[in-house]
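Please open the model in your viewer and keep the selection panel at hand.

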Amino acid sequence: MRRPLNSLIQSSAYAFCKVLTTHCHALKLGTLADVYTANKILNAYTRCKELHIARKLFDEIPHRDTVSWNTMIAGFVNCGNLETACKILKNMRRCDFDFDGYSFGSLLKGVASAYRLEVGQQLHSMVIKMGYEENVYAGSALLDMYAKCEKVEDAYTVFEYLPEPNSVSWNALIAGFSKVGDRSTAFWLLHCMEKEGVRVEDGTFAPLLTLLDDIEFYKLTIQIHGKIVKHGLAFDNTVSNAMITAYSECGSIRDARKVFDGAVGMRDLVTWNSMLAAYLVHEEEELGFQLFLDMQRLGFEPDIYTYTSILSACFEKAHKSHGQSLHAVVIKRGLEYLVPISNALIAMYIKSNNTSMGEALKLFESMELKDRVSWNSILTGFSQIGLNEDALKLFGQMRSLMVEIDHYAFSAVLRSCADLATLQLGRQVHVLAIKSGFETNDFVASALIFLYSKCGIIEDARKSFEETPNDSSIAWNSLIFGYAQNGQGSIALDLFFLMRDRKVRLDHITFVAVLTACSHIGLVEEGLNFLKSMESDYGIPPRMEHYACAVDLLGRARRLGEARTLIESMPFKPDAMVWKTLLGACRVCGDIELATQVASHLLELEPEEHCTYVLLSHLYGHLRRWDEKANLTRLMRERGVKKVPGWSWIEIKNQVHAFNAEDQSHPLCQEIYQMLGELMEEITWLDTDTGLDALISDFDEPCESCDAKLLSA
């Protein structure tokens, strides 16, 4: 059971009072002259983090020894003040006191926490110069410093010089190789450690479990779990928490829950948070919400991590009310001023639906303190819901306010440039990304590939891809999409097979890209085979978007009956995206009967979505079924649904100009319409022989915004 915050404060206050009392007694009895007594009181003050009093006492000790100096160094290191600790070490040398293993050990601990590799290397030279490289305490601290600074080769060299490495040394080395993701070396070290007869601990297994993050490591996770039980560590909190996460990452929520249930009586807040994260990763939101309530019922107060996790599950339409309730709870508990929680609320509102962007902006503007995540969330929100001009303006504001621009910001603004097809502006952002050193980042490279693909410059897209390490699926997926959408589906499929051969991890987005490629070049059977083999051959269950791609594949091939049968055979209820894809295929094929059935499903799912009405109305008009068209127009009027006009953009001299149908707002409107008139006259003159019908009703024109949605689906 957790200890309330009040009890922690009381225990700290009690400890401080106890030290003060002891200090007073020592002064009264005159025992402070004894260096042993003085060091004990000094140590107690540093443990209470009362460094100003400790410093004063240290200055008053008449006969300081090495322990006195080491106590002050350790005190400042533990409070995160590495600079002062280094100054004390220098003064120690000036006062003719020799360093020992504890002096170096304490200071190296601070260096490791601050990731100050250059300071650590200087200390390493002093360790060698003074002959302490074989000292277990100094050596282990040196090893730990290199491991935490991700210099694992140097850590291993230090390890080899230790005459009798203890469990702390082994654990530090294993943690270092685990941190850099070197799975084979980390597990080889575990094997060597057991072979040498060194006792394994919670610190041995916890870092190893972080490496078991995929379904392919499930059996290995079970084996490690067996070792944990064998060594009597199954009920250790640190190990249990890591086991819950490992089983979740390996795809077994059931085993994660077993570990959680077995930790009854020993659970801490991290245990509850680990199980909550596991449920949310596996899209078990209802179980996550229940767990959130259970932990409070049993006396565990949620922390920042708990709130940010549970808020991340509230963007689905079904859980929108939960999100609003949690927002109210956050306000009631006075936590809305915490930046991570405000950021989580902003992300929740942005992901909920397009209409909640206003709530997100209101929250953002009310924040007294904003971090990089706050700005990036709003920037990404603008980009995702199509407010691309607002995204570009916000990016300019971030630069003028000197907000640090990271790879997430570059990724979002590049995607907005792509959506607006503003190639010149996109190139300028590309240059800025290069200057900032982010051009090889997977997310930035992916956005650059998307930009150049969208602008039809697939060669530059390929160049951006080649500049990345090519070990992540993010850039591969973007390039496959790029080739597919530029009509080069064969190259897209070749990339998929190359990706597979190079053992790059495939994901669900990879198969959306592959199915899109098959659809664009008419490889119907190949596409359907990919859909069928996803789970059996690659361990990736098909999602809604994969079925939507397959429906599009069959629709383009005019196999509407098979598309309908596929929808009916889906293991889950089709959403609006799937039905819209089929409706688009019905429009192309002119199948009004099926289109009417599909539209009825869509109108039930999204009664206020204008695209369904417009597409169906266009189809009725095309087939000259004027009564049905009139009825649909009347239904739109009754339900208050309005056609959202499509927009067009053009970039001239780095300025984006936006237009919609019959737009009169542009400052050069008169000149534009004059030029349009001249162009129409020329078109009419050229097309006289074909009898072009210029009298097309408003609804008989395809809806640009609807077509855009169908393409994105």
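In which helix is Thr-204 found? Select helix α12 (residues 202–209), where Thr-204 is found; helices are DSSP runs of H or I with at least four residues, and strands are runs of E with at least two, numbered from the N terminus. This is a predicted model, in which local features need pLDDT of at least 70 and side-chain atom pairs count only at pLDDT 80 or more, while totals for chains, interfaces and linings use all residues. Residues are numbered from 1 along each chain as its sequence is written, and side-chain values use heavy atoms, with hydrogens and water left out.

Remain on Thr-204. Thr-204 counts as buried because its relative accessibility is 0%; buried means under 20% relative accessible area, exposed over 50%, and partly exposed in between, with a 1.4 Å probe and protein chains only. Display its side chain together with that of Asn-171: a polar contact of 2.6 Å joins the two. A polar contact is a pair of N or O atoms within 3.5 Å; within protein, one must be able to donate a hydrogen and the other to accept it, and residues adjacent in sequence count only if both atoms are side-chain atoms. A polar atom of the Thr-204 side chain also lies 2.9 Å from the backbone nitrogen of Glu-201. Not counting residues up to four places away in sequence, Thr-204 touches Asn-171, Ile-174, Leu-190 and Met-193, where contact means heavy atoms within 4.5 Å.

Next, select Lys-227 in helix α13 (residues 218–230). Lys-227 has a relative accessible area of 29% and is therefore partly exposed. Beyond residues up to four places away in sequence, Lys-227 touches Leu-190, Glu-194 and Phe-205.

Finally, move to helix α18 (residues 304–311), whose buried residues are Thr-306, Tyr-307, Ser-309, Ile-310 and Leu-311. These residues pack against α16 (269–281), α17 (285–297), α19 (320–332) and α20 (339–352). At the start of α18, a side-chain oxygen of Asp-303 reaches to within 3.2 Å of the backbone nitrogen of Tyr-305.
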